[in-house]
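Here are a few notes to read alongside the model. Have a look at the picture, then take the points in order.

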Amino acid sequence: MIIVMRPDATEEQKDHVIKKIKGLGLQAHVSQGTERMVIGAIGDEAILRSVPLEAIPGVEKVLPILKPFKLASTDFRAERTIVRIGNVEIGGTKISVMAGPCAIENKTLLFSIAEEVKRSGANLLRGGAFKPRTSPYAFQGLEEEGLKYLAEARERTGLPVVTEVMDPRDIEMIARYADVLQIGARNMQNFRLLKEVGACKKPVVLKRGISATIKEWLMSAEYIMAGGNHNVILCERGIRTYETATRNTLDLSAVPVLRQMTHLPVIVDPSHAVGKWDLVAPMAKAAVAAGADGLLIEVHANPEEALCDGEQSLKPKAFKQLMDELRLIAKAVGREI
Ligand code: PEP
Ligand code: MN
């Protein structure tokens with residue numbers, strides 16, 4: 001249930017509504033827009049149906065929510081959410097680019113990639129320290145040692161850092177080093193993990209599950225938001241289809257669809273979607289043209305020797321060229337990079 005307050009509603013009236021909702025055993029989530037306040041009542045809607053909320057002074061209207069996701073929906077919040085990470089804003093007119101290696105392999109390599117992507121205009125540095133690998137025998141990541149390198153790379157370049165969290169037990173430690181927590185595709189429906197990152201205040205990049213519908217993906221965002229963390233960035237990274245020419249199939253229509261369904265920023269990861277470095281640039285450009293708020297791109301100084309996802313990683317030179325081309329596309333759609 002969504003309760004829209006009148007623009008002239010007083011603080012006392014707003015507090016009264018919040019108290020009333022809580023008194024019925026429901027949670028009250030407040031969204032303060034420029035014009036008016038909207039209160040989301042989260043819980044069993046049946047309880048509220050018998051309460052004449054519209055009779056309360058200050059209440060303009062009460063909207064029943066048919067969508068199973070509430071906090072993430074455009075009904076709850078009409079203005080677009082801008083997630084702020086230091087000086088970087090995701091969801092505004094500027095398009096943000098997160099770039100870096102799939103996995104943090106060693107200090108020197110990470111530092112050199114970090115410098116290169118920064119020089120080309122990336123806004124955030126990505127790098128995995130805990131890697132979700134299909135094979136238990138593949139490189140699993142440097143864990144905390146890698147996070148230390150990542151934090152050092154941030155000191156050197158000034159770029160905020162993004163890294164994946166796979167296990168609720170690691171959140172506290174990872175959050176000490178990272179600026180943004182990434183939930184990988186394989187964990188999109190790890191509900192314990194979603195609840196735990198919801199209790200943490202760090203911005204979250206929530207990747208779309210390998211076979212997840214947009215609705216299921218938004219329900220996962222709802223888990224994080226219901227815990228109190230509204231800084232969620234959705235990341236389309238390709239879904240599994242019958243097509244085998246690419247690693248996954250990039251569902252670019254998810255970008256405009258999500259813009260209608262949610263106020264959360266949407267970014268696109270063409271690297272994991274296509275799985276081949278020479279297909280990354282065209283899809284990155286298409287993503288910007290489709291209205292994405294940002295990109296996540298894998299870059300490696302020596303992809304041939306990469307311990308993870310070398311085949312889809314751009315060399316720094318190709319990344320620079322892509323960034324130059326993206327600036328033109330961004331301008332054409334009224335954005336900037
Ligand atoms: C990654 O970003 O390196 C990664 C493992 O991505 P995904 O979860 O989308 O497969
Ligand atoms: Mn990867």
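1. Two strands pair if DSSP finds at least two bridges between them; helices (H or I, at least four residues) and strands (E, at least two) are DSSP runs numbered from the N terminus. On that basis β12 and β13 (residues 266-268) pair in the parallel sense over three bridges, with Val-268 as the bridge partner of Glu-236.

2. A word on the source: this is a predicted model, where local features need pLDDT of at least 70 and side-chain atom pairs count only at pLDDT 80 or more, while totals for chains, interfaces and linings use all residues. Residues are numbered from 1 along each chain as its sequence is written, and side-chain values use heavy atoms, leaving out hydrogens and water.

3. Now the other neighbour: β11 (residues 204-207) runs parallel to β12, joined by four bridges. Lys-207 sits opposite Cys-235.

4. Is β12 (residues 232-236) buried or exposed? Five of its five residues are buried (under 20% relative accessible area with a 1.4 Å probe, protein chains only; exposed is over 50%, partly exposed in between). Val-232, Leu-234 and Glu-236 point one way, and Ile-233 and Cys-235 the other.

5. Finally, α7 (residues 214-226) has buried residues including Trp-217, Leu-218 and Met-225. The buried residues of α7 pack against β2 (27-32), α6 (191-198), β11, β12 and α8, contact being heavy atoms within 4.5 Å. Just after α7, Gly-228 takes a positive phi of about 110°.

Methods: Chains lettered and ligands numbered in written order.
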